[in-house]
Amino acid sequence: MKIARFETEHFFAQYEFNTPYQLCNSDCETMSIETLLELADVSVTDFTQQTLGYTESQGNPDLRQSIANTYQTCPPENVIVLATPVEGIYLTARALLNPGDEVIVLSPAYDALINMFEHVVGNENVKKWNFHSSDDGWELKIEELTQLLSPKTKMIVVNFPHNPTGYIPSPQIQQEIVAIAEQNNVWLFSDEMYFGLTHEGTTQIPSMADLSPKAIVLSGLSKTYGLPGLRTGWLVVPDDQLIDEYINWKFYTSICSPGPSEFLATAALKIWNELRQRSLTQISSNLQIADEFFRRWPNHFTWNRPLAGSTALVRFHVNSVSQITARLAAEAGVLIQSGKTLGSDDQHMRIGFGRAAFSTALGKFDDWLTDNPKIVENQKQ
Ligand SMILES: Cc1ncc(COP(=O)(O)O)c(C=O)c1O
């Protein structure tokens, strides 16, 4: 059976490795294996002496313990290590749902968080809980979530901090979401790939895994920890029978995770808080640079400063961000991404703040805008 086109990944496949100045990445600045081992105080020889056999399907026990340690209440038995973070979305849709079940998803969202569920339960059974843009930034309305529930609802899918808007709920709204899931006996699938990236002035919220037995949490090392090339992700699943169901599906996708990645992931988790702080420092500095940029271009953009995460969704006052994207990449080597790829519209762009080269890339974009003063002419301001 066909599945919807994964627009975001097709977009990056087209541009990521041939466009020098990137402004729309969702990951944070990465590092070499050498630097990671050094920071984690792990010897290179220990790494190179690892053997290359199959690994345990649920994940290496030391790695599962290291992951469990990052939560308040999660035993290592509840952790499933994934061969890639995105695999966790596929496995969840497969292990928990049947055609005809209803699922509530956020919109816009990272494509897989909508498309995979539509694929399994049917497009008409996926209900969208939409973000609204307000003067205070992006918002979700709890009453709209309540209205989307039906006796057929099996799962609510959330992602906080949110890609692309940079939204994070207050602790009170988070509690309300948990209460709705529990009272209606539906699973709360919580994508926490950007966990801990909370900006100054925003209240940190706990992992859903520490709040509710109805929560299934996806996280990993790609974003907050700046290690997307390890392809290490994990699920926290609070139910033995479900874990068995998940592992059964995992036998069809990856069987087990790559041993070298498991070793390096265990090293990374020794210093998880340091890696997170490093990403936060980079984002904070890039956000200040972005503040200045958007102050310079008030007729071009409506700047919704993110509360958390590594991305923001910004209104760009042009007819088509996709058309500008193609021109900008060809003429200046600068990459921006239309919100359309993420289920928003072609008048928004996603911007990413995690990379060290952000300032240089934004400078190139600024130069291009200066050279092309007419791009917002006759547009709605
Ligand atoms: C919200 C969200 N979930 C999951 C993923 C998948 O992570 P990975 O690309 O490391 O598999 C991404 C990647 O962009 C994401 O933004």
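This is a predicted model: local features need pLDDT of at least 70, side-chain atom pairs count only at pLDDT 80 or more; totals for chains, interfaces and linings use all residues.
Numbering runs from 1 along each chain as its sequence is written, and side-chain values use heavy atoms, with hydrogens and water left out.

**Ligand site**

I started with the residues around the ligand: Ser26, Pro85, Val86, Tyr110, Asn159, Asn163, Asp191, Met193, Tyr194, Ser222, Lys223 and Arg231. By class I get five nonpolar, four polar and three charged residues. Here Ala, Val, Leu, Ile, Met, Phe, Trp, Tyr, Cys and Pro are nonpolar, Asp, Glu, Lys and Arg are charged, and the others, Gly among them, are polar.

Next I checked oxygen atoms of the ligand against side-chain N or O atoms. Ser222 comes to 2.5 Å, Tyr194 to 2.7 Å, and a polar side-chain atom of Asn163 to 2.8 Å. On its own the ligand would expose 390 Å², and the protein buries 93% of that (Shrake-Rupley areas, 1.4 Å probe; for residues, only the protein chains shown count as cover).

Which pocket does the ligand take? I find that its space is the largest pocket. A pocket here is an open set of points on a 1 Å grid over the protein atoms alone, with protein on both sides within 12 Å along at least five of seven lines. To sit in one, a molecule needs more than half of its atoms within 2 Å of the grid points.

**Ser26**

Ser26, one of the residues around the ligand, lies in the loop between strand E1 (21–22) and H2. Helices (H or I, at least four residues) and strands (E, at least two) are DSSP runs numbered from the N terminus. Is Ser26 buried or exposed? Ser26 is buried because its relative accessible area is 9%, with buried meaning under 20%, exposed over 50% and partly exposed in between (1.4 Å probe, protein chains only). Its side chain makes polar contacts with the side chains of Lys223 (2.9 Å) and Tyr194 (3.3 Å). Such a contact is a pair of N or O atoms within 3.5 Å; within protein, one must be able to donate a hydrogen and the other to accept it, and residues adjacent in sequence count only if both atoms are side-chain atoms.

Most residues other than glycine have a negative phi, and most peptide bonds are trans, so I looked for exceptions. A cis bond joins Asn163 and Pro164, with omega about 15°; Pro164 is in the loop between strand E7 (153–159) and helix H8 (171–183). Another cis bond joins Ser107 and Pro108, omega about 0°.

For positive phi, I noted Arg231, near 60°, in the loop between strands E9 (215–220) and E10 (233–236). Arg231 is partly exposed at 34% relative accessible area. Asp41 has a phi of about 55° and sits in the loop between helices H2 (33–40) and H3 (44–48). Asp41 is exposed, at 67%.

**Elsewhere**

Thr341 lies in the loop between strands E14 (337–338) and E15 (348–352), and its 14% relative accessibility makes it buried. Lys2, before helix H1 (7–15), is exposed at 79%. C-alpha to C-alpha, I have Lys2 and Val376 39 Å apart.

Technical notes. A residue is near a molecule or strand if one of its heavy atoms lies within 4 Å of it. On a 1 Å grid over the protein atoms alone, a cavity is a set of points where a 1.4 Å probe fits but cannot get out, and a pocket is an open set with protein on both sides within 12 Å along at least five of seven lines; lining residues have an atom within 4 Å of a point.
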